[in-house]
Amino acid sequence: MSITATEQSTATGEARYAALAARFRPVFERIAAGTLEREQQHILPFEQIGWLKEAGLTTLRLPAEFGGDPVSHEHLFRLLIELAEADSNVGHLLRSHFSFVETIALQPRKFQARWFPRVAAGEIFGNAATERGGNALGTTATKLRNEDGRWLLKGEKYYTTGSIFADWVVVMASTEGVEGRQYALVRADDKRVRIVDDWDGFGQPLTGTGTAVFDDVEVEAEDIIQRKVSSTLEPAFFQMCLLAVLAGIGRAALRDASEVVRQRTRTFNTGQGQLFRDDALIQEHVGLLAAKVYAAEAVVTAAARDLDAAVDAQLALDGEAAYLRAELAVQKAHVTVPGLVLAAAEELFDVTGASSTSRGKGLDRHWRNARTVATHNPVAFKARSVGDYHVNGAVPTGLHSIGEAPAATGQLAGGAS
């Protein structure tokens, strides 16, 4: 089901989201049907990503002037919640793609004209920003260098979520003599690019979050972007993708808890001998779990609306006000959502018996996946930042960099841009 121009002009809010969701839910249902099998057998979801590309999910934020029918932040993240409920790995691995589409929109017109048509064609972007260690905070061990007029990229990355499924990899690099860092775009299938599925985390095992090696890959000069720390919505958007995945995992935990209770016929000698689905205490447990999941999703949706408000032309917020509205909302959401979802994923086991711990049922994957996603942003740092704003008026800022901490506070090698 697609949304016609007439429907778009008349449908707003829930009406438009209902039409949008109806378009993608059949695909999400197909993805959900094989989620447990894929995770248990470690089958990477290449086919499922193909379904989403064919359905047009990867183009949802493409500007209208480049042939898109862009959706709001709220609608995008609500769709990602539904996708993550179907398979949290698939929802997570598209984070880099959607984030780079936002980055393209912040670049000069010439860059947009080069890259938005590729988004329209269904091409996908992965990331290669983080290194295992050894790089000073604010710099990278991955380097760009110019030899005889040719730009060459050399280095090794880890946590390259989504890149194994991508057409292009957005690589963070440093250049001698150039302050800060750069993004270099390279073809994922370039013969000098090697992407390895070696992520060994106990959660999110199918996101392709492994090693990528770049062995003197040639990069077009026009495909190198100077990475700058600025008061844009980029950081908030990037983190919102994780929040949407967490909310989706919560929905999946609730779905499975409800199904377990609905189908269970065995009971305990310590209970009242009722079917679980008729037992008031079990019903209460499921109700409490459902309330946590609802709260988590509501917080994510509210934060997404703050992102929409930040770029609402009618509100006409200046750069700092727009940044502050989005960043504070997302940081508060990061303090709130992980705990709610982790609790729901754990309490799933309180509504049934020991049989629910069977590896074959895979119910533990919800907690493992949520715990893995939640580790991306330690809550303590977000809570401190929010508290500093409310007490002292300090605008939330970040280093936007990962690396070895300097020996003396404030002495960041190469700057923290």
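**Notes on the predicted model**

1. The lining of the largest cavity comprises four nonpolar, five polar and five charged residues. This is a predicted model, and every value in these notes is to be read as computed from it.

2. The cavity count is two at 30 Å³ or more. The largest cavity has a volume of about 80 Å³. It is lined by 14 residues, of which Ala-84, Ser-88, Arg-365, His-366 and Asn-369 are the closest to its centre.

3. Which helices each supply at least two residues of that lining? They are α3 (35-41), α5 (73-86), α6 (88-93), α9 and α12 (365-374).

4. The second largest pocket has a volume of about 510 Å³. Its lining has 20 residues, and the closest to the centre are Arg-61, Val-71, His-73, Glu-102 and Val-311. By class, ten of the lining residues are nonpolar, five polar and five charged.

5. Helices α7 (95-105), α8 (109-120) and α9 (234-263) each supply at least two residues of the lining of this pocket. The most comes from α7, with three residues.

6. Strand β1 runs parallel to β4 (residues 168-175), and four bridges join the two. Within this pairing, Asn-127 stands opposite Val-170 of β4.

Note on methods: Residues are numbered from 1 along each chain as its sequence is written. This is a predicted model: local features need pLDDT of at least 70, side-chain atom pairs count only at pLDDT 80 or more; totals for chains, interfaces and linings use all residues. Side-chain values use heavy atoms; hydrogens and water are left out. On a 1 Å grid over the protein atoms alone, a cavity is a set of points where a 1.4 Å probe fits but cannot get out, and a pocket is an open set with protein on both sides within 12 Å along at least five of seven lines; lining residues have an atom within 4 Å of a point. Grid points are joined across faces, edges and corners, and a volume is the space filled by probe spheres set on the points. Ala, Val, Leu, Ile, Met, Phe, Trp, Tyr, Cys and Pro count as nonpolar, Asp, Glu, Lys and Arg as charged, and the others, Gly among them, as polar. Two strands pair if DSSP finds at least two bridges between them.
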